Amino acid sequence: MRKQGHGDVREALLDAAIVCFTTKGIAAASLREIATQAHVTPALLHYYYGDKAQLVEALVEDRMLPAFGVVRDRVAAAGDDIADTVAAFVCGLTEAMKAHPWWPQLWVREVLCEGGALRDLLLTRIAPELARTIAGRFAAAQARGELNADLDPRLLMTSLVGLTLLPAAGAPIWRALFEADDLGLDDVRRHAIALLDRGLELKGPGK
């Protein structure tokens, strides 16, 4: 059996923290519970991460921001075309959620819910740049007459999140409700893009 290196142990501890944070919440999960989940002693967890605040910061830096980077990079590469921007956001988020299945549940619990431990992360380190970029592209397209004039560019950003992250987070509920175990993230992606493409009433230049 291969002996675990420091990097392996750190990754295993982060994996355990994610399990506990998504099931109990960051505030409620104790370091002892995380250590138990990782099959290590609390002392070893303390050796690698110190206290819970440092563990949460490591989760943000090593897992959440890289996952979000997939979305950011796709949107940046899409340019000003609205259809490409929508597809970039939806596809990038789907890709990130496939690689990190815990992301939707943790996002809803710790960012969207009042009192969530990661809300400041959204407001200060993730959302501002991306949200303004996408809303700006929507507003510019609207000014050119290429986008449904009844839509609010700012609310369209929330629509993108509502059609992607929320269905993924609520998958156990709607799969049970509709006996829809056959539906996965790719179906969510196709549905979101189809719904947005029609609702946006996109028109190319000169049309």
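This is a predicted model: local features need pLDDT of at least 70, side-chain atom pairs count only at pLDDT 80 or more; totals for chains, interfaces and linings use all residues.
A salt bridge here is a side-chain nitrogen of Lys or Arg within 4 Å of a carboxyl oxygen of Asp or Glu. Residues are numbered from 1 along each chain as its sequence is written, and side-chain values use heavy atoms, with hydrogens and water left out.

**R63 and its partners**
- R63 sits in helix α4, residues 52–78 (helices are DSSP runs of H or I, at least four residues, numbered from the N terminus).
- The side chains of R63 and E11 form a salt bridge at 2.8 Å, N to O. That pair ties together distant parts of the chain, with E11 in helix α1 (residues 6–24) and R63 in helix α4, 52 residues apart.
- D15 joins in too: E11, D15 and R63 make up a network of salt bridges.
- R63 is buried at 10% relative accessibility, whereas E11 is partly exposed at 37% (buried means under 20% relative accessible area, exposed over 50%, partly exposed in between, with a 1.4 Å probe and protein chains only).
- Leaving out residues up to four places away in sequence, R63 touches E11, L14, D15, I18, A58 and W102 (contact means heavy atoms within 4.5 Å).

**Other salt bridges**
- K24 pairs with E33 through their side chains at 2.6 Å, N to O. K24 is partly exposed at 39%, and E33 is partly exposed at 30%.
- D73 and R72 also pair up through their side chains, at 3.4 Å, N to O. D73 comes out partly exposed at 46%, and R72 partly exposed at 35%.

Definitions and conventions: Helices (H or I, at least four residues) and strands (E, at least two) are DSSP runs, numbered from the N terminus.
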